[in-house]
Amino acid sequence: MILLIPGPVTTRAEVRAEMARDIAPWDDDFRVVSRRIRQRVRELAGGGVETHTALPLQGCGHFGTEAALRSVLPPGGRILIPDTGSYAERMAKLATAAGRTPVMLKVDRNRAVPPHRIADALAADESLTHAGLVYSETSTGVIQNIQEIGRAIRATGRRVVLDAVSAFGALPLNLMDHPEIDTAIFTTNKCLEGLPGMCFIVVQNNRLLPAGTAASWSFDLADIYEHSIRTEGGAFRFTPAAQVIQAFDTALNFFDAEGGQPARLTRYNANRDALRAGMIRIGLTPCLDAADQGPIVMNIHAPGDPAWSLPNFVTELKSRGFTISNFYDTEEPSFRVGCIGHITPDDMTRFSVAADQSLTAMGVVQRTPQATHSL
Ligand SMILES: *Cc1c(COP(=O)(O)O)cnc(C)c1O
């Protein structure tokens, strides 16, 4: 079965094989592994030895975002969040639940945000200390120009919390060029093609609020940071997903062997292009214009035919070896297909054939979107 969801992704057998043993997380052997991974992650993010630290946290990407918000924004602190889609909404929800105040900036969700919109909104409200950005908005497939946005925000003197969960490993990120970024968050199970269960927050050391400010011991990055210094980087405060970390080490070896981030982006771009071509070939309509379509995930308009049903489509596709998301994240009915993971353009072409067969089996004749949709 090939997973064509935007995480967790299809992984290599060698990565999955790392799960098949028992590990003592506090043993010295494992400390060597976790220390090495933290260093690799910091280097991958372009963080400096003296200035940045990669902090691992058990759990999913949202846990990382919550920890970041609690650890750099003071209670009551205000953060501007461009409303790029559901992941921006989720960041706002996490901020609110933590007693911080998100201020949403309305943007066109189908296009990258013009950097000056963010800078203008920050300039207009001095109480906003931070901007919360979603690098790759997984609900729409749109990616942001972090280099340009970063430059605009630097000019305002404000700070950034970056949700790089579906971007890191594929889209460029060099934290030394981004002194405005306090924290960048990602997980093991998206573009780095590891297994789910851990997230990493790469922090600028001197931007963390004092330990205790997070109002959560579990999600206090300053506490995790201090613990890592006390224990020389190898030990966790609480039981980690040790097998996931071990598997991540192997996933990073394959990442390096492939040629790192540039090579991964090239492959994902090719996956995206093959998928787009395949969808158009079978009569379907991608939601975004080609110029706005990022390489991580693609939404495709649901066919207008009354025989269309997303659950049935998902079932038909599964019988042909592909799993896609069984919900849609756009206002109008669509289905979404991930372009990331241990997959190639050939898989996308095979997927397009399977989608064609699935629609035929369902009796879907009209494949253009519903007429109410303005194309
Ligand atoms: C996947 C993802 C997350 C985190 O999702 P989890 O289910 O919590 O791992 C956060 N932000 C973006 C943009 C994502 O794609």
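This is a predicted model: local features need pLDDT of at least 70, side-chain atom pairs count only at pLDDT 80 or more; totals for chains, interfaces and linings use all residues.
Student: Into which domains is the protein divided, and how many residues of each take part in the contact between them?
Tutor: The division gives domain 1 (21-256) and domain 2 (260-362). Their centres, taken over C-alpha atoms, are 28 Å apart. The contact takes 22 residues from domain 1 and 21 residues from domain 2.

Student: Which residues surround the ligand?
Tutor: By class, the shell has four nonpolar, five polar and two charged residues. The residues around the ligand are C60, G61, H62, Y87, V134, S136, T138, D163, V165, S166 and K190.

Student: How much of the ligand's accessible area does the protein cover?
Tutor: For H62, a side-chain N or O atom is 2.4 Å from an oxygen atom of the ligand, and for T138 the distance is 2.4 Å. A polar side-chain atom of K190 lies 2.7 Å from a ligand oxygen. Of the 380 Å² of accessible area that the ligand has on its own, the protein covers 86%.

Student: Is N189 buried or exposed?
Tutor: N189 sits in the loop between strand 9 (181-187) and strand 10. Buried means under 20% relative accessible area. N189 has a value of 8%, so this residue is buried.

Student: What does N189 contact beyond its neighbours in sequence, and with which side chain does its own side chain make a polar contact?
Tutor: Leaving aside neighbours within four places in sequence, N189 is in contact with G7, P8, V9, G194, L195 and P196. At 3.2 Å, the polar contact of the N189 side chain is with the side chain of T187.

Student: What is the omega of the peptide bond from G7 to P8?
Tutor: Most peptide bonds are trans. P8 lies in the loop between strand 1 (2-3) and helix 1 (13-17). The bond from G7 to P8 is cis, with omega near -10°.

Student: How many of the 10 residues of helix 7 are buried?
Tutor: The buried residues are L221, A222, D223, I224, Y225, H227 and S228. Their cover includes helix 2 (28-44), strand 2 (52-58), helix 3 (61-72) and strand 10. Helix 7 is largely enclosed by the rest of the structure, because its buried residues number seven of the 10.

Student: What does a side-chain oxygen of D220 reach at the start of helix 7?
Tutor: The helix spans residues 221-230. At its start, the D220 oxygen comes to within 3.1 Å of a backbone atom, namely the backbone nitrogen of A222.

Student: Why does D223 count as buried, and which residues does D223 touch?
Tutor: D223 is found in helix 7. The cut-off for buried is under 20%, and D223 counts as buried because its relative accessibility is 15%. Not counting residues up to four places away in sequence, D223 touches A211, W217 and R237.

Student: Where is A215, and what is its phi?
Tutor: A215 is placed in the loop between strand 10 (198-204) and helix 7. With a relative accessible area of 63%, A215 is exposed. Most residues other than glycine have a negative phi. A215 is not a glycine, yet its phi is positive, about 55°.

Student: Which residue with a positive phi follows helix 7, and is E232 buried or exposed?
Tutor: Helix 7 is followed by E232, whose phi is near 55°. E232 is found in the loop between helix 7 and helix 8 (242-258). Exposed means over 50%, and E232 has a relative accessible area of 62%, so E232 is exposed.

Student: How far apart in space are R31 and L4, C-alpha to C-alpha?
Tutor: R31 has its place in helix 2 and is partly exposed, with a relative accessible area of 23%. Not counting residues up to four places away in sequence, R31 touches W26, T231, G234 and A235. R31 and L4 are 27 residues apart in sequence, and their separation in space is 34 Å.

Note on methods:
Residues are numbered from 1 along each chain as its sequence is written. Side-chain values use heavy atoms; hydrogens and water are left out. A residue is near a molecule or strand if one of its heavy atoms lies within 4 Å of it. A polar contact is a pair of N or O atoms within 3.5 Å; within protein, one must be able to donate a hydrogen and the other to accept it, and residues adjacent in sequence count only if both atoms are side-chain atoms. Accessible areas come from the Shrake-Rupley method with a 1.4 Å probe; for residues, only the protein chains shown count as cover. Ala, Val, Leu, Ile, Met, Phe, Trp, Tyr, Cys and Pro count as nonpolar, Asp, Glu, Lys and Arg as charged, and the others, Gly among them, as polar. Helices (H or I, at least four residues) and strands (E, at least two) are DSSP runs, numbered from the N terminus. Buried means under 20% relative accessible area, exposed over 50%, partly exposed in between (1.4 Å probe, protein chains only). Contact means heavy atoms within 4.5 Å. Domain bounds come from an automatic or database domain assignment.
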